[in-house]
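Good morning, and thank you for coming.

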Amino acid sequence: MRTTPRPTRGRAAALLATAAATALVLTGCSSGSSGATGGSGGIEGTITLQTWALTPTYTDYLQGVIDGFEKEHPDAKVKLQDQPGDGYADKVLSQASSNSLPDVINLPPDIALPLAKRGFLQDVSKDDSKLGDTYVAGALDSYEYKGLDGTYGYPWYLNTDVDYWNSDMFAKCGLDANDPPKTTDELFTQAKTMHENCPDDYLMSRKPGLGDFTLAGVKVLNGDGTKFTFADSSKAADLIDRYKTAYQDGYMPSNVLNSDYLGNSTLFTQGKVAWTTGGATSLADFEKNNPSLKGKVTVSPALDTPPLYVQGLSVSSKSKHLATAEAFAQYMTNATNQEAFAHQVNIFPSTISSQSDPYFSKDDGTVNGKARVLANEALKKAKVLNPVEANSAMTDFLDQQIALAMKGQVAPEKALQTAQDKMNSLLANG
């Protein structure tokens with residue numbers, strides 16, 4: 001079960017791109033075109049649904065959805081196949097290279113992108129004029145790619161981040177955890193206060209990345225998705241310079257820039273820093289791993305614009321029963337079925353109407369309940385902050401250059417230009 005961001009990019013995306021290109025040679029399909037004429041046929045025939053690490057835990061739910069669809073459409077049959085979590089991108093690679101993608105495929109936007117570019121996925125907006133009225137805008141945008149016309153997946157389930165604060169550390173250091181930072185600017189201000197009052201405690205414990213550039217108003221990628229442009233903006237260098245100053249002034253642990261850095265969530269759980277981001281149910285994990293945090297954590301909305309994490313269902317453009325595949329993807333992602341799933345799993349539906357469901361919208365008075373309500377509200381304006389074109393090889397290189405700049409070993413402008421050149425080279429060859 002995948003409900004949070006994961007490293008599916010990088011090698012996986014590159015392999016998918018290679019496999020897709022190979023398949024194009026074999027099939028003669030042209031890049032960006034659909035191999036099917038549209039979902040205008042009858043809802044009949046046998047299709048295959050491929051999910052990602054959902055069975056056996058959620059087999060009953062999945063089979064229940066399938067049974068409901070088949071009851072409504074007695075001439076259609078759906079076969080369920082699930083793939084393990086590890087190696088999923090490689091499995092999709094193999095299916096694409098052999099031109100044997102399942103009819104309906106559980107794909108996050110980053111894995112879907114190279115397939116969409118090479119014509120393996122159906123533009124579902126061709127046959128569904130109500131997409132914009134049904135799904136959260138940010139989630140739908142995740143399957144609409146720069147340089148491509150159309151929508152290449154139905155948003156299925158979502159997640160986002162909220163902020164968690166250590167109230168004991170706040171109180172000790174002259175801050176109020178019930179009035180924590182609401183913006184990045186306020187984060188720097190309160191980090192300075194914490195450092196001044198408690199030199200051995202920290203509020204901040206992370207470097208900036210592409211998502212932070214987006215939040216700062218930097219144009220990260222050009223209009224057709226072919227070149228990164230963040231180094232062209234002085235705002236990106238200014239942001240790195242701000243983090244550099246904070247780091248060198250001692251507002252962050254010194255190991256933030258080291259290769260053995262554990263991450264701010266781990267440091268928060270250990271009680272070494274006073275802030276982390278996490279999903280709506282992260283508190284349970286914090287308290288499980290460190291029971292002393294119980295009763296000492298407050299929650300607030302994510303700084304600035306909340307991030308959006310998306311899983312979806314894409315339809316193979318080569319499906320022999322395209323109308324059936326599209327109808328099933330619509331059915332599986334309708335509000336009723338999504339809400340039933342989200343009541344079992346720590347996720348949120350992508351359907352607009354589900355946001356008023358009391359399960360997600362009513363605070364039960366607990367920190368967990370408040371986190372769930374805050375996350376539900378955040379999804380109304382959440383956005384994918386990191387472009388799907390940026391794979392892990394690219395972001396790892398950018399991260400290294402930012403670390404050098406924060407250490408003072410290279411100017412921020414130079415670090416950004418070096419990273420941008422490298423990332424554009426990888427993008428052009430990917």
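How are α2 and α13 placed relative to each other: parallel, antiparallel, perpendicular or oblique? Before I answer, please note that this is a predicted model.

Helix α2 covers residues 59–72, and helix α13 covers residues 322–332. Their axes come within 10 Å and cross at roughly 125°. An angle of 65 to 115 degrees would count as roughly perpendicular and one over 145 as roughly antiparallel. The helices α2 and α13 are therefore oblique to each other. As for the hand of the crossing, α2 passes α13 in a right-handed manner.

Which residues bring α2 and α13 together? On the α2 side they are Leu62, Val65, Ile66, Gly68, Phe69 and Glu72. On the α13 side, these meet Thr324, Ala327, Phe328, Tyr331 and Met332. Sorted by class, this contact has 8 nonpolar, 2 polar and 1 charged residues.

I turn now to another pair of helices. Helix α10, residues 234–248, and helix α18, residues 412–429, have axes that come within 9 Å and cross at roughly 120°. That angle makes α10 oblique to α18. The crossing of α10 and α18 is right-handed. From α10, the residues Ala236, Ala237, Ile240 and Asp241 meet Pro412, Glu413 and Leu416 of α18. By class, the contact of α10 with α18 has 5 nonpolar, no polar and 2 charged residues.

Next, the cysteines. How many disulfides does a search of the whole structure find? The search finds 1 disulfide. This disulfide joins Cys173 to Cys198, with a distance from S to S of 2.2 Å. The pair links distant parts of the chain, 25 residues apart. Cys173 is in the loop between α7 (167–172) and α8 (184–197), while Cys198 is in the loop between α8 and α9 (210–215). The torsion about the S-S bond is about -115°, so the disulfide is left-handed.

Are these two cysteines buried or exposed? A residue is called buried when its relative accessible area is under 20%. Cys173, at 0%, is buried. Cys198, at 8% relative accessibility, also counts as buried.

The peptide bond from Thr55 to Pro56 is cis, with omega near 5°. Pro56 is placed in the loop between β1 (45–52) and α2. Ala53 is likewise found in the loop between β1 and α2. Although Ala53 is not a glycine, it has a positive phi of about 55°.

Where does Asn99 lie? Asn99 lies in the loop between α3 (88–97) and β3 (104–107). Its phi is near 55°, a positive value in a residue other than glycine. With a relative accessible area of 35%, Asn99 is partly exposed.

Finally, let us consider Ala89, which lies in helix α3. Ala89 has a relative accessible area of 11% and is buried. Ala89 and Trp52 are 37 residues apart in sequence, and their C-alpha atoms are 9.9 Å apart in space.

To return to the opening question, α2 and α13 are oblique to each other. Thank you for your attention.

Note on methods. Residues numbered from 1 in each chain as written. Predicted model: local features only at pLDDT ≥ 70, side-chain atom pairs only at ≥ 80, totals over all residues. Heavy atoms only, no water. Axes fitted to C-alpha atoms, helices over the stretch in contact; angles between N-to-C directions. Helix = DSSP H or I, 4+ residues; strand = E, 2+ residues; numbered from the N terminus. Parallel < 35°, antiparallel > 145°, perpendicular 65-115°, else oblique. Left-handed = near helix turned anticlockwise from the far one by under 90°. Contact = heavy atoms within 4.5 Å. Nonpolar A, V, L, I, M, F, W, Y, C, P; charged D, E, K, R; others polar. Disulfide = S-S within 2.5 Å. Buried < 20%, exposed > 50% of the residue type's maximum accessible area, 1.4 Å probe, protein only.
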